[in-house]
Every structure is written in structure tokens, then in C-alpha cells.
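Come along as I go.

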Amino acid sequence: VALSASSEAAQLSTANLRQPSLRARWRTITGVVTPSLDVDLGQAREVGVLALAQPQDAGGIDADGDARGWMAGTDTVRHRLSVVAAGGGDVLDVQAAGGWVPGVGIHARVLGAPVSARWWRCDLDAPSLSTLGFLDIGRAWIGPAWRPSRNFAYGGVDGLTDSTRVQVNPRSLLESVDVGAFQRVWRFDLASLGRDEAEAVLPEFRRAVGTRRQVLFIPYPDSPDIIGRQAVIGRLAQVPAITHENFAFHSAAFELRETV
């Protein structure tokens, strides 16, 4: 896979998008908030979802401890997919408000049906960052998508852990706060997997991903208004076991921890 961009700061190039941690970012040079990102997969491959994610400290941290460079919901993203040439839109060409949510910083586009493409061009337009003068992207995601025939069961948990350490002086009870990072955690069950999903699709998914590779999880792909709020890139805490509930249905439990 080859990556390139119309603008990249020294030491913060698109090569950093290959790193698992989102903090190893691609940053544009000062004055550029309308960059283009090009991805060459080397050959035509199946594509079912596209995503961009920002690091938790996008744009640096201000005096209040908040990231300065969150993309706004009005900032736009244009996706072009091609099997003909880089920058072409013969397979897909869509542009819309990016669905960014400050504090989360993820944009995802779920395709209605899988397509075959080699080149992906992503054009970002972030007028909300014109004062800051640059933008940070920590991860670019393109690949196939698995969508179970039935969504996860009721009782799924959308959690948040905080690595902040609070120490209390035993005499004065004054607190000392060492601010850490947030990490989202999803726990859910796919409780109604069909035989093909449980005997072919999920076993292949487990072998391909395990706990060593990242996954992009989108809880409600049919609700574009909340995709940017709930989508998460992370790793499975353990490889899910498949429970054979009965002849028709099977189940598997998942725990996904966000990569920061």
C-alpha cells in the first residue's frame, strides 16, 4: 500500500498512518486545511468501508487540557474510488459533511454494497481549523466490511475508562491530579448468528484479526448521524469464542478497546 498527500509536515508524513497508534499522525503544513490524501492498494481489492480518525491530542493541547484541532461537523470529506487511475471517481465519488464530533474525531463512510477499487483519494476541507492553520489525522482506514445479518443483542455496553491518577495527601486531603487519556470500550454479544456466519465468516474473521490486528467497529451503520459519535478503531481484548446455542443460531461475545 502506497500513501501520499498534497501537504505534509516534516516528520509528520502520511507514513505515520501506518502506525497502530493514532498519535503518530499525518499533519499538514501550516496554512493548509484543504489537503488531499491518496492511497494506492497496489491492485483492485474489495472495499466496504472508509474511515479517518484523529488522535486525542489533535492540533496540540490548549491551556485547559483540550485538543485544539478537532474537526467540526460542518467540515467536509470527499471520497473517490477508482480501478482506472489515481484520483479517479469511476467507482465512487461522494462528498458530504464529515460527521465529525469534537472529542471523538472519527469519520466513517459505510458503502451500501462492497465495490472493487485500487485507488482512494480523500479530499478534506476544514474551514473550522483555518485559525489553527493545519489538521491532524491519526488513521486512514479502507477495506472490506462484515455486517452480521442481525445486530448485537440488547445489553451492549458503551464504556469509557480514564487513565488519570488522583493522589490524595493523607494529612491535608489535597488532591494531585495526573491527567491521563480516555479509552472507549465496547462490550456486546452477537447472539443470533446464522450457521454460515458462525461456521465460516466469524472463524475466518478470528484467524485474520485475533488480538494482534485492529478492527473498525460501527455499532449502527444505518444511522449516519451517530456514526461519528460511536464508531471506534481498536483491538479485541480476547478472541471471541463461538457458543452453539441451538441448531439454527450461534453466539459470540466481544470486547473492543479503543486504540489511542
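I started with E199, which is partly exposed at 46% relative accessible area. A reminder to myself: this is a predicted model. The side chain of E199 meets that of R195 in a salt bridge, 3.3 Å from N to O. R195 is partly exposed too, at 41%. I found both residues in helix α1 (residues 195-209), four residues apart, about one turn of the helix.

Next I looked up R184, whose salt bridge with E258 has its closest N and O atoms 3.5 Å apart. R184 sits in strand β12 (residues 182-193) and E258 in strand β16 (residues 250-258), so this pair ties together parts 74 residues apart in sequence. I checked burial: R184 counts as buried at 11% relative accessibility, and E258 does as well, at 13%.

R257 and E255 join their side chains in a salt bridge of 2.7 Å, N to O. Here R257 is partly exposed at 31%, while E255 is buried at 13%. I also noted a network of salt bridges linking R23, R25, R27, D57 and D136. My count came to 15 salt bridges.

Which residues touch the most other members of the largest nonpolar core? I got L37, L52, L81, W120, L124 and I137, out of 25 residues in that core. Strands β3 (36-53), β4 (76-82), β5 (92-97) and β6 (106-125) each give two or more residues to this core, and β3 gives the most, with six. Apart from this core lies another of 16 residues, including F188, L193, F217 and A252.

Methods
Residues numbered from 1 in each chain as written. Predicted model: local features only at pLDDT ≥ 70, side-chain atom pairs only at ≥ 80, totals over all residues. Heavy atoms only, no water. Core = buried A, V, L, I, M, F, W, Y, C linked by side-chain atoms within 4.5 Å. Buried < 20%, exposed > 50% of the residue type's maximum accessible area, 1.4 Å probe, protein only. Salt bridge = Lys/Arg side-chain N within 4 Å of Asp/Glu carboxyl O.
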